[in-house]
Amino acid sequence: MRQELLSLPKGLAEEVSKNLVMVARLIDEEPEQAYAYSRIALRLASRVAAVREAAGFAAYATQKYSEALAEFRAAKRMTGSVELWPVMADCERGLGRPERALTMAGEPEVAKLDKAGQVEMRLVAAGARRDLGQLDAAIVTLQSPELASSSVQPWTARLRYAYADALLAAGREDEAREWFGKTLEADKDGATDASDRLAELDGVEFVDAMHEDEADEVDEDDDEADAAEVAAAERASDQAEYYDEDDEEYEPLDEGSEADIDVTDEVVADLDGDRADDKA
């Protein structure tokens, strides 16, 4: 990526790289924000393959699969690399075309992928089988030397998890429990929810005491807010009874009264603050 950015004027390269950094930082937690930064980078340097790839992943993270596929295809044309082939196939799934994803799984590009890419392609193909309701075929697709290996690789947990999930969907609960357990052994970073799935199978329920305390606090706050609203309503009711429009001393507030202006100013200030936060 650095080499590609060096082809740009220095100032432009710095601006593009800043936006790409923000895409990388936000794509997991704030995908919509990451997508916005990717669009800026794309406007600045659409002829840089790394920019097209980043824009593709940002669109993919926000389920804009057609847009993601277009960006991945552009990046592939620019670089000649096939490493994006699995995620391109998964975009086809996202677009409701699992048959096309399966076709891609059998094309020559797959043989050019490294081991991680081939495992990823196997996961996509199994997902496409499940999309088509072919559970047994999905299970067979995932059965591979990589699945049987006791060696733990970066893809091991995801592969075992997909296999366990397919087994469970097929009603093979005992086998699913076994493979969720094997997933847990390989999932050192907690990338999957295998522990939760095992607990569900065993009928175990976890109660989060912290959340219960927070819920109690929320309930107390709601009670206080309700009491305040009741008191305000009672005061308003008393005032309405006291100020009778037929009373000579009754003076309704004009549209441009100070009270209205104060409230409006507060709302505008809040909106301006929100806009400032959004821009930040």
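A residue is called buried when its relative accessible area is under 20%, exposed when that area is over 50%, and partly exposed in between, for a 1.4 Å probe and protein chains only. By this definition E146 is buried, because its relative accessible area is 15%. This is a predicted model, in which local features need pLDDT of at least 70 and side-chain atom pairs count only at pLDDT 80 or more, whereas totals for chains, interfaces and linings use all residues. Residues are numbered from 1 along each chain as its sequence is written, and side-chain values use heavy atoms, with hydrogens and water left out.

**Two residues and their spatial partners**

Helices (H or I, at least four residues) and strands (E, at least two) are DSSP runs numbered from the N terminus. E146 belongs to helix α10 (residues 145–148). Its C-alpha atom is separated by 9.9 Å from that of A116, 30 residues apart along the chain. D174, found in helix α12, is exposed, since its relative accessible area is 62%. Between D174 and L201 the C-alpha to C-alpha separation is 9.2 Å, and the two are 27 residues apart in sequence.

**Aromatic pairs and charges over rings**

Rings of Phe, Tyr and Trp (its six-membered ring) pair if their centres lie within 6.5 Å; planes under 30 degrees apart count as stacked, over 60 as edge-to-face and the rest as tilted. The count by this rule is four aromatic pairs. One of them joins F57 and F72, and it is edge-to-face because the planes stand at 70 degrees, with the ring centres 5.0 Å apart. The pair links distant parts of the chain, as F57 is in helix α4 (residues 49–61) and F72 is in helix α5 (residues 65–79), 15 residues apart. F57 is partly exposed, with a relative accessible area of 31%, while F72 is buried at 0%. Y163 and W179 also form an edge-to-face pair. Here too distant parts of the chain are linked: Y163 is in helix α11 (residues 156–169) and W179 in helix α12 (residues 173–186), 16 residues apart. Both Y163 and W179 are buried.

| Aromatic pair | Centre to centre | Angle between planes |
|---|---|---|
| F57 and F72 | 5.0 Å | 70 degrees |
| Y163 and W179 | 5.1 Å | 90 degrees |

A charge sits over a ring if NZ of Lys or CZ of Arg is within 6 Å of the ring centre and within 35 degrees of the ring normal. K182 lies over the face of W179, at 4.1 Å from the ring centre. K64 lies over the face of Y35, at 4.4 Å from the ring centre.

**The largest nonpolar core**

A nonpolar core is a set of buried Ala, Val, Leu, Ile, Met, Phe, Trp, Tyr and Cys residues joined through side-chain atoms within 4.5 Å. The largest such core has 26 residues, of which F72, L84, W85, M88, A89, L113 and M121 touch the most other members. Elements that give two or more residues to this core are α2 (10–26), α3 (31–44), α4, α5, α6, α7 (98–105) and α8. The greatest contribution comes from α6, with five residues. In soluble globular proteins, nonpolar side chains tend to be buried together.
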